[in-house]
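The sequence and the coordinates should be kept at hand throughout.

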There are 2 protein chains.
Amino acid sequence: MSKYLDSIDSPADLKRIPQSELPELAKEIRSALIRRLEAVGGHFGSNLGAVELEIALHYVFDSPRDKFVFDVSHQSYTHKVLTGRRGMVEPETYLDYSGFSAPEESVHDQFKVGHTSTSLSLACGLAKARDLTGGKGNVVAVIGDGSMSGGEAFEGLNNAAMLDSNMIILFNDNDMSIAPNQGGMYRNFAELRATKGTASNNFFTAMGLEYRFLESGNDLDALIQELRAVKDIDHPIVVHICTQKGLGSDWAQEHREEGHWVDPKGAEPSDEESPTKLNADFLLKKIQADPSVVVINAGTPGGLSLTPAWRAKAGKQFVDVGIAEEHAVAFTSGLARGGAKPVYLVSGSFAQRTYDQLMQDLALNRSAGVILVRGASIGTGDATHNGTYISSLENIVPNVRVFSPSSMEDEYAILDWAIDQQEGPVIINVPESATHGPQRFSTEDVERNRVVRMGRDVALMGYGNFQALAQEVATELEKCDIDATVIDPVFANDIDAELLQALKGDHRLVVTLEDGMLAGGFGSAVTAFYSADDMRVLNYGARREYLDRVDGEAMRKRYHLNPETIAQEIREVLER
Amino acid sequence: MSKYLDSIDSPADLKRIPQSELPELAKEIRSALIRRLEAVGGHFGSNLGAVELEIALHYVFDSPRDKFVFDVSHQSYTHKVLTGRRGMVEPETYLDYSGFSAPEESVHDQFKVGHTSTSLSLACGLAKARDLTGGKGNVVAVIGDGSMSGGEAFEGLNNAAMLDSNMIILFNDNDMSIAPNQGGMYRNFAELRATKGTASNNFFTAMGLEYRFLESGNDLDALIQELRAVKDIDHPIVVHICTQKGLGSDWAQEHREEGHWVDPKGAEPSDEESPTKLNADFLLKKIQADPSVVVINAGTPGGLSLTPAWRAKAGKQFVDVGIAEEHAVAFTSGLARGGAKPVYLVSGSFAQRTYDQLMQDLALNRSAGVILVRGASIGTGDATHNGTYISSLENIVPNVRVFSPSSMEDEYAILDWAIDQQEGPVIINVPESATHGPQRFSTEDVERNRVVRMGRDVALMGYGNFQALAQEVATELEKCDIDATVIDPVFANDIDAELLQALKGDHRLVVTLEDGMLAGGFGSAVTAFYSADDMRVLNYGARREYLDRVDGEAMRKRYHLNPETIAQEIREVLER
C-alpha cells in the first residue's frame, strides 16, 4: 500500500502533493520500480537514478503543453508511472506497457524512441514547430551523458544553439553510459563535476549554449528550484544535473555496468553456450595469436559478451568507441586499410545507423573489415530494437560479402577466414542460438551455396537461422512422399547462379526461408533469377512493417512460418 | 611554362625546391588550378584556399609513410598534383583523374572519399593500426570547418582524444561550409579566430584535445614551421589553421558560396526550368500561403536551388541545419509531430546517411514529414555522389510512402498533397529533368499505379525517370505489331496488387524499368508478386555495384537500357 503513488493518475494528481512529501513519493516509486524490474527485467540503473528528476519535471512543468523528449527512454519509467501508467509497476499489468516512451500509450509521450542520441534533434523540431505555429510551452529534452557521444546528439546540440526561443536540455550525468563512457568529451564532464560547473573549459558553452550546473540531482527541492529557474526561458539552455545511477539498489550502484539492465526473475542464467559468448571466446584466441587483430564495439560490450574480464584480457586489441556507431564503421575501415584486422561487433538494430558508412567508408574502399552482427532475425521485442530489417540493408551494399551461417561450426570457419582475408568487407550474421552442425563453408569456394540433401521437384533454401525450418519442412513433405532438396545458402547476399540453374532440371518450385524482411531480402534475389523462367518460387520471411512486441507464436502465424503450413502451401503449388 | 610545377612528379621532387621558392610554386599551382577549374569545373574555392597547406604538408611530411586523410576531398587537388598526378592540371588529361581522393590512382591517397565528416574516424583507424602493427609515421587528417558539423566528425574527434599516440588534426578553417556555416560551434570558431586561439572557451580543448592556432594559413613559411612543430608528436593534437577560401580568385572570394564549385566552361547556364528550381518556386508559394510550412536542408542549399535570395524570402520558414543529415531527418520528425509541415530537401547520395533516422526517428513515429530527394537515379558521376542506391533504401523502410513522378505536373500534385496530409512520411524522388506531361497522380487514390495505355501480351512498367524509356520501348514494339501496355507506377514502394492481378488476364510478360538498383528495387516487388505464377517478368535497372564515372552511353550498354535492346529481349521471351 503506498500513500501517494496510488493516488496519481495524471500529473495533475502529482501537483496536489505537498513538496515536502515528494521524497516519500520518490521512495514509493523507487521501491515499486525495483519490484517490477526484479520481476520482469528492464533498464534498471538508469531508471532508478532519474526518479527525482522526473517527479520534479512533472511537478514544475505542465505536460503535454510542455513537451518532454527522453533520449533513448532508458530513464522514462517514472515519467510513465506519473502519466496514467501506474500499471507499469503493478504486477498484473507489468507487461502491458512498453519499456520505452510510446505515443500510442499516452499523450505525454512525444515519440517512440529506443535508439540513443536522437532527443535533441527531435526536441529542436518540436520547438521550431511551436514557434512557427504560434504555440506556447516549454520543450524539454532529457539526455544522459552516455547518449552525448553519438553524432546525432552533437548535431542536435549544435543546432539547438541556433534556436532563438525556449528549449531546455536536461543533461542527466550519472558518469556512465551503458558501459563506462568513452571519449575526450567525458574528461570535460568530469572536470565540470569536480569544479561544480565552474571549469573554464566547458563543452556546452563552447557549443554556444548557456549552461547551469546542479550537483544534487537526486534532491527534489534542489531540482524543483533549478527547474523553476529555467521554466519559460526564452532561449536554449543546458542544465547539467548530476544523478546517481542505480540509486536505491546497492547492487546496481556497485555494478554500474551490469546494473544498467536486469533480466526477468527466473530467466535462464546467461548461457555459457550463447553464440555471443562463444564468439567472444573465439575472438580472444584470435587476439592472443595475432597482435593485429582488433575487436571494436560501440558502447554495448556487455550485450555482446565482451565482459570487463574479457576486455582486460584483450587489452589494446579491444576498442570501445562509446555510443558512436558511425565512427565504429569508419574506424574499422581505417584499421583495415592500415594493415590491422578489425572485427566490429554490433547488434542488428544498431547496425542500421551506419548505412552510409558501410557504403562509403567501408565497402567503396574495399576495406577488409569484418562485421559480426548479432540478432539479425525477426524480432519479438520492441520495434526500436528489432533485427528484422538489417539483412535487407546488408543485401544492397555493393562489394560486401554477407554470410548467414546456420551453425557455430560454420560461423567459426567463416570468421576465421574473414579475419585473415584481404579482399574486402565481410558481414557475418551470428546464429540466433548456438546450434551445432557440420561445417558447410569452405575457404575453397566461399560464395557457393551448399546442398544439404538432394531431392527433386521442390528445393528448400533455408537461410541462416531458418535452415532448421527448411529441414523441418522437408520432414513434413516426406510424409506426403515428396523428396525435397534442402540447401543451406551460407553465403547470403548473392545467388549461386550455377546451383540455381542446375535446379531447373528436375525442380518445379524453389522455396526461400529467411529470418528477416522479404523486401530486399535473400529470397528476392532468388526470385529475380527465375523471373523469366517456368520455375515457381515461394518466399517466406517478414513483411515490410514494424513489429512491436509480437510474440513468437503470433509471428509464426502471421508469416506462415510453421513447417506444416509451409508444406501445405508447397503442395498446393505443386498440384496446380 | 612553369618553372617548378613541371618538375614535380612526386613529393621527393617537391622537397628539392628551396623553401624560399615555394610561394612561386604555389602561384603556379593556383593558376593551373584556376585554368583547370574554369575549363572542366570542380570544387573551386575550397581547393584554392588549401594550396599552401598541401604544399607545406608534403614539404614537411613523408607520404605515404606519413598518411594524409582529406575530409570529403574538396581540398585535395594540390595534393593530387604533387603526387604524380600533374595531369590533373594539363588540358589533355584534365578528366583522367577523379576530383576526389582515390587510392586506385595513387599510393598517396588513403581512401576514396566524397562524403563529409569521415576523416577523423578513418584516421583514428590508421593510427590504431599503426600502433598495433608496430608501424611508424604520422597520421594527418585535414578537415574543413564545414565538415565539423557532421556527427561522424564529432564521434571521431571524441575518440581521437583517447588515442595515446600520434595523430595530427589539421583544422582548415575558412569560415565557410559549402554554404555559410550553421550551428553554435561556429560561434566558438569565430571567437578563436578573433582571439588568435586564446579564448578560454575552446571547443577542441573541451573535447580533451591539445590545441594550437595558426592565423596565417596561406603563408608557407608559417605553415612549414607549424607543421614541423607537430611532426612526430606522440599524442593527438589539433592545429587550427585559418585559410582564405577562394584565394587567387577575386570572384570566388566575393562569392564564397557560389565559388565553392564551378561548372565547366560552356556548360549550359543553370536552367530556369530545372526541377530543383521549379520545386524551389513551388515551395516558396507554399511557404507564403501557410506559415506552418518549413523547408529544411543540410548544408547544400545552392545545389537544390535554395539560393540566398530564395532563403531571404523564406525567412524563418527555411532552416539550413549545416552538414548534419541525421539531425535534419530527426528535426523533420519533430517538426511534424509539433504540428508544422516540414519538407526536407536532400540529394540521393546524402540521404543514405540517415537510414536509421528514417527508420526510427521518422517512420516508426509516422511523422508526416516530406522528403524531396534529388538525383535518385543511376548516376554517371563519381561513386561517392551516385544516386543509384537510394531507391532500394527507400523501399525497405516501413510506413513510408515513396513516389517517383515522371513529370513535374505529377510531382507538384504529389508534393501539394504530401505537405498537407497527416498520415505519415512521404518520400518524393524528384524527376531528373523538368519533363511535362499529364497529371496522373490523384489524391483520391494515391497508391494506385496508372495505366498510360492498355495493350496486351506485355506490360511495361516505367518507374519515375524511366517512364519515358517505357514509352520508347512501346514504340519499338509497335514496329513488330506488339501492342504493349504502358504503366506509370507513380506510387513506387509497393505494388498495386489489383492492377498486377488484372494483368494476368491477357499479359504473359511484365517488364519493369527503374532508374536505380535492382536489388531491393521496385521491380523486385513486382517479380515477387508473380513468383508462383506463370507470368514472366524482366527487370531493368542497375546491378549492385559501384558506378564511378561511367558515361551515359556505356551505362545504357552495360544495363541494356536502349529501347531497341529491350524490345528485342522482350520478343525473345514472348517467342519462347
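Val370(B) has Val426(B) as its bridge partner in strand S13 of chain B. This pair belongs to a predicted model, and it lies where strand S11 (residues 370–374) of chain B meets strand S13 (residues 426–429) of chain B. Four bridges join these two strands, which run parallel.

Both strands form part of an open sheet of six strands in chain B, whose order is S9-S8-S10-S11-S13-S12, with parallel pairing. At its edges are strand S9 (318–320) and strand S12 (401–403) of chain B, each of which pairs on one side only. From one strand to the next, the twist averages 20°. Helix H18 (residues 408–420) of chain B packs on this sheet and touches strands S8 (293–297), S10 (341–347), S11, S12 and S13 of chain B. The direction of helix H18 makes about 160° with that of S13(B). In general, the strands of a sheet pair through backbone hydrogen bonds, in either a parallel or an antiparallel manner.

Another helix of chain B may be considered next. After H6(B) comes Gly134(B), whose phi is positive, near 70°.

Attention now turns to the nonpolar interior. In soluble globular proteins, nonpolar side chains tend to be buried together. Here the largest nonpolar core has 206 residues, and those with the most contacts inside it are Phe203(A) and Phe203(B). Setting aside residues up to four places away in sequence, Phe203(B) touches residues of both chains, including Phe154(A), Phe203(A), Ala206(A) and Met207(A) as well as Met148(B), Phe154(B) and Leu157(B).

Glu325(A) is found in helix H14 (residues 325–337) of chain A. Is Glu325(A) buried or exposed? Because its relative accessibility is 7%, under the 20% limit, Glu325(A) counts as buried. Beyond its neighbours within four places in sequence, Glu325(A) is in contact with Ala298(A), Tyr344(A), Phe350(A), Arg353(A), Thr354(A) and Glu155(B).

The cysteines complete the account. Cys124(A) counts as buried because its relative accessibility is 1%, whereas Cys480(B), with a relative accessible area of 33%, is partly exposed. A search of the whole structure finds zero disulfides over all chains.

Conventions. Residues are numbered from 1 along each chain as its sequence is written. Chains are lettered from A and ligands numbered from 1 in the order in which they are written. This is a predicted model: local features need pLDDT of at least 70, side-chain atom pairs count only at pLDDT 80 or more; totals for chains, interfaces and linings use all residues. Side-chain values use heavy atoms; hydrogens and water are left out. A nonpolar core is a set of buried Ala, Val, Leu, Ile, Met, Phe, Trp, Tyr and Cys residues joined through side-chain atoms within 4.5 Å. Buried means under 20% relative accessible area, exposed over 50%, partly exposed in between (1.4 Å probe, protein chains only). Contact means heavy atoms within 4.5 Å. Two strands pair if DSSP finds at least two bridges between them. Axes are lines fitted to C-alpha atoms, for helices over the stretch in contact, and angles run from 0 to 180 degrees between N-to-C directions. A disulfide is a pair of cysteine sulfur atoms within 2.5 Å.
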